[in-house]
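Have the 3D view open as you read.

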Amino acid sequence: MLVYLPIAEMAVNAPHIALLGAVVGVISGVFGIGGGFLTTPFLIFMGIPPAIAVGTQSSQLIASSSTSVISHWKKRNIDFKMAGIMLVGGLIGTISGIFIFKLLQYFGKVDVIISVLYVIFLCGIGGMMLSESITTIIQTRRRNLSDTNNDENTAQPQISKWEEWRRNLPYKMSFPTSKLHISALLPLGVGVIGGLMVSVMGIGAGFLLVPAMIYFLRVPPLLVAGTSLAQIMVTSAFACILHAVTNQTVDLILALLLISGSVIGAQIGVRLSQFIKGSSARLLLSLIILMVGLKLAGGLFIPPDNLYSIISD
Amino acid sequence: MKHFLPLIVFIIGLCTAYPSQAELTIDVSEPNLQITTGFSGDTLTLFGTASPKGDIVILVKGPKNNTSIKRKGQIMGLWISSDSMTFKNTYGYYNIASSTPIGTITDKQTLIHNNLGLNNLNIQPVSSKHPLEKVNRFREYFIQNMQLKGLYSLTPDAVTYLNDTLFKTRIHMPPNVPLGQYHIDAFLFKDGVLIDKTTHPFTIKQIGLAADIHYFSRNYSLLYGLCVIAIALLSSFIAILLLRRD
């Protein structure tokens, strides 16, 4: 069934778009990432102009993240204080990122720097998460088999310098929901870096926020998805307004199609997340991140079938 | 009236006595193509009369725009967009229907002069600094891409004569057809010579809900953005209510 998009000025296959929304919604609900990495390229593949794909995708993020946020909230799976501080950092990062981007543009060859950085970044994070989650899974399985308390694992062998530094940071704050007492600079810093990524690399921060919250802030795994999505929801609303006002690239009909699929997908995702163990969820997420990273790396190293592409008309 | 009768007879006689007095007229089934949210492409039917009977070429041209194309190249072993070109005033839609293949109708010079044929289009880059060989490669890609999207096409034998003077053809408009002002040019050739030419304006525009949304997004963009957010939030609430497990 074809539906005409008034802003994109073209007709699209409605069920395909809704299905795409649903798949992204499930992933977003389970892992707490936005899923823009899937939506945008698929929309462009379907022939929708890139600017409209990016602009409209923000409205879908609002819908899928808010659905998940409400569900996670009911289960008390959100640390609002943490999300708020990360959000402040995110805003600082986004705004300063715009200037950094301008600066990079001034020096030229921004594309090269950004693509290479992004590939290194995704593959690095994905690889680290993959090895960590595999080790955890093997360890728990071994522990279950031997059924003895292995002191080697529980006795933390390394209270490293990094741990020292982390503990000695000023502005300590307690996060009752996460049962953490850490410096406010940590979530703020994570937010700033996330915001920088968004404006410099132009791709969502979920990829960064989720691993950073797990390993860096040590937020309990159950709270990670909800807390990251709460932040994504607010950032997306901000982005949606910006795209609508400055570029007029938000297509209401396209948004409705995506949203209709993604709100249902997100509900399914949140329910699924209750059944997936923390380490398995991390394993799956690391595989997704690695796949995207390798796909981008492939684009850089493998000679493309078609050298030409149309930028604008 | 009596005085005029001989004059009328004389004029009619003149017309029939001199068949070289060529005449070509066309009309389309719909005066304008109106796009609603249900639009999924359309086919227009075009009728025309030609006297004397000759080779007909119907050219439908869409709105003009600049088009930028980039090309990837290998830099330090990485495939990165390294080159780009902007063509000025390219047609957003270009469709030729003819009674026989246009190459056999007339000479190349006449085709180029009338913008007929995909290889005879005047597609030039904005900047004149590009070498000719490069311009040709980019141009070739541009035309191929437009053909792939169904926006540029060339159909010989698409114009059929119903009798000695009346002909008809169908023009397909794909779902991604650009909006704006179109021109339908009709050419009548006899023995390779262009003997008559006519133009018919034509517009493609959105109406109804699609047009309202477009207008709202352009003129009240902040409110529009807020509405999109409200709709997004509302639909997630509805989804939760509907899918609630009690």
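Phe142(B) is buried, since its relative accessibility is 0% (buried means under 20% relative accessible area, exposed over 50%, partly exposed in between, with a 1.4 Å probe and protein chains only). Tyr152(B) is buried too, at 2%. Before going on, a word on the model: it's predicted, so local features need pLDDT of at least 70 and side-chain atom pairs count only at pLDDT 80 or more, while totals for chains, interfaces and linings use all residues. Residues are numbered from 1 along each chain as its sequence is written, chains are lettered from A and ligands numbered from 1 in the order in which they are written, and side-chain values use heavy atoms, leaving out hydrogens and water.

Across all chains there are 14 aromatic pairs (rings of Phe, Tyr and Trp, the last by its six-membered ring, with centres within 6.5 Å; planes under 30 degrees apart are stacked, over 60 edge-to-face, the rest tilted). Trp73(A) and Phe80(A) make one edge-to-face pair, because their planes stand at 90°, with ring centres 6.4 Å apart. Trp73(A) is partly exposed at 47%, and so is Phe80(A) at 45%.

Back in chain B, Phe142(B) and Tyr152(B) are edge-to-face as well: 90° between planes, 5.7 Å between centres. Ring pairs also tie these two into a cluster with Phe87(B), Tyr91(B) and Tyr94(B).

Now for the charges. The charged end of Lys53(B) sits over the ring of Tyr161(B), 4.8 Å from its centre (the cut-offs: NZ of Lys or CZ of Arg within 6 Å of the ring centre and within 35 degrees of the ring normal). In chain A, Lys81(A) lies over the face of Phe175(A), 5.6 Å from the ring centre.
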